[in-house]
Amino acid sequence: MAFDGIVIRNLQNELSTCLVDGRIQKIYQPEKDEIHLLIKNQRQTYRLLLSASASLPLVYLAQKPKTNPMTAPNFCMLLRKYIQNGKILSVEQPGMERILIFNIEHTDELGDLCTKKLIIEIMGKHSNLIFTDASMQIIDSMKHISQQISSVREILPGRTYHLPPDQGKACFIDLSKEQWVEKIFFSPLPLSKAIYTSFQGISPVMAREFCYQAQIDSKKKGLDCSSAEQNRLLQVLENASREISLGKFSPSILFQGNEPVEFSSLPMTMYEDDRTKIFPTISQVLEEYYAKKEISTRIHQKSSDLRRIVITALERSQKKYDLQMSQLEDTKKRETYRIYGEMLHTYGYSVKPGEKSLTCINYYDNQEITIPLTPELTAMENAQKYFNRYNKLKRTFEALSELTIETKKQIHHLESILTALDLSTTEADLSDIKEELIEYGYMKRKGGKKGKKGREEKSKPLHFISSDGFHMYVGKNNYQNEELTFKFATGKDMWFHAKGMAGSHVIVKVESAGELPDSTYEEAGRLAAYYSKGRQAKKVEIDYTERRNLKKTPASAPGFVIYHTNYSLLIEPDITGIQEL
């Protein structure tokens, strides 16, 4: 679902109710393109998130804080200088544009009251956060847009702020029915496209919803609609316009299975087979819908360098392994050469000078074999030639047997790091992975010898509780797996892991409870399946055993164990309903 003008209008109503007359207590910039305002109003504290991210621009009242940098960026310091302790006078939306304007009153250096405007534009990769004075003169912006970048509109300090071009779209709640008819039913475009290209704030999904409510095919052209169809669609638009004008919204998320697929501020009826969850506020909708997606997007961006290093090393190791296996395949001929040499030692007396082959009985299997000969050499010299080949291939076989095992271990190790990158949710998780890559020589440390203990924040494993009350812990990387299994877990605690693939160690604390219930085994198995390389599979095989049955081989990578006593279960990688602490 697009972050359209209807959602922005819903947000504007909510923010006006919660924030107007509130005081800005604190200002943070946890990301380079994201500002948090801590606002005190009506004896409550609100955290307003304003993100101008190119990949995921957002505005909502957030529940959870983020870790802030030790040094505030320049834009954050500028906002603190002008509007910290400022009072929010109003929150405006121009028409149905994807823009919110916060009018903020503050005192200047002389103690006089002044007004500033903080403008958030939610426009995909062109999103921006702009700070102006009362006359719309730009003081600064999160992203500077020069004439070289955009010939349409400059966003630079000292320039006058102008709204983005409207692209010929009108605010549909301000138009009459006659104007709706002209824009929709006189257009050669398909009906839904005519709606969202003619009016501000209506996304393609909502345009199709309006057609669905009017019982008209959204692909039908407006010119081909009957008068009855026109009347039905006009009635739907009139109802929507009235609900928006009155601020009567129904914030909701539509789920397919357990995955959120759409969200809306107006009722969505065209997804009849899906499950709809209604929320009291649009902020709660946005936080639930985008929270995991936002974390995933940002962490993926921050981990891109690490991911590239791991993928490059993994590709190199896989190529090396394929080459080693090809060379190992060639060494299978060594036994044939040994037999040739021995047969020549036994039957060489019958070889006449200049002969190109010897046919004799192989006394190992009593089968007749033909041995190629080099005519210029004697029988004994031919035998020695075959023994030399045999010894060379034998040495190659012995060396490659060890090398392939080591290379395979490297591949498993790198795959486990790649899986850990997919599971990372914090910068501390990435620090663990970076430290592991440095420790095993895949990258070099920059800026001295700062180790794991020098990090400001410690990465922690995931913590869940089963429906039967048992505590379950999930390692997000190899260091966490190592610590969970060999330092945190005790002998009778249960250990779960996806069979034959990279994944998290799952520890279930048994303590003095005795045997675990079947439901806890299943929930722990689901966690091990979900937090593994096989999370996209329909079923994943899980090995589980008591912690005391695990052993660690010398010089193995962190998190790698061996075991010979275990049970197995086949389960879906679905963690819906498992409570995370």
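This is a predicted model: local features need pLDDT of at least 70, side-chain atom pairs count only at pLDDT 80 or more; totals for chains, interfaces and linings use all residues.
## Helices H9 and H10

Let's start with H9 (residues 334-347) and H10 (residues 379-423), which pack with their axes 8 Å apart at an angle of about 155°. Angles over 145 degrees count as roughly antiparallel, so that is the label for H9 relative to H10. The crossing of H9 past H10 is left-handed.

On the H9 side, the contact is made by Arg 334, Glu 335, Tyr 337, Arg 338, Tyr 340, Gly 341, Glu 342, Leu 344 and His 345. H10 brings residues including Met 380, Tyr 386, Phe 387, Arg 389, Leu 393 and Phe 397. Sorted by type, the residues of this contact come out as 11 nonpolar, three polar and six charged.

Strands S13 (residues 357-362) and S14 (residues 367-372) are paired antiparallel, with six bridges.

## The seven-stranded sheet

Next up is an open sheet of seven strands, running S20-S19-S17-S18-S16-S15-S21 with antiparallel pairing. Its edges are S20 (567-571) and S21 (579-580), each of which pairs on one side only. S20 pairs with S19 (residues 540-546) in the antiparallel sense over five bridges, and Ile 542 stands opposite Leu 569 of S20.

Two helices pack on this sheet. H12 (residues 478-488) touches S16 (471-474), S17 (494-498) and S18 (506-508), and its direction makes about 140° with that of S16. H13 (residues 518-530) touches S15 (462-465), S16, S17, S18, S19 and S20, with its direction at about 40° to that of S17.

## Lys 552 in the loop

Lys 552 is in the loop between S19 and S20. Is this residue buried, partly exposed or exposed? Its relative accessibility is 31%, so Lys 552 counts as partly exposed; that class lies between the 20% and 50% cut-offs.

Who does Lys 552 touch, once neighbours within four places in sequence are set aside? Its contacts are Glu 482, Phe 486, Ala 557, Pro 558, Gly 559 and Phe 560.

Technical notes:
Residues are numbered from 1 along each chain as its sequence is written. Side-chain values use heavy atoms; hydrogens and water are left out. Axes are lines fitted to C-alpha atoms, for helices over the stretch in contact, and angles run from 0 to 180 degrees between N-to-C directions. Helices (H or I, at least four residues) and strands (E, at least two) are DSSP runs, numbered from the N terminus. Angles under 35 degrees count as roughly parallel, over 145 as roughly antiparallel, 65 to 115 as roughly perpendicular and the rest as oblique. A crossing is left-handed if the near helix is turned anticlockwise from the far one by less than a right angle, and right-handed if clockwise. Contact means heavy atoms within 4.5 Å. Ala, Val, Leu, Ile, Met, Phe, Trp, Tyr, Cys and Pro count as nonpolar, Asp, Glu, Lys and Arg as charged, and the others, Gly among them, as polar. Two strands pair if DSSP finds at least two bridges between them. Buried means under 20% relative accessible area, exposed over 50%, partly exposed in between (1.4 Å probe, protein chains only).
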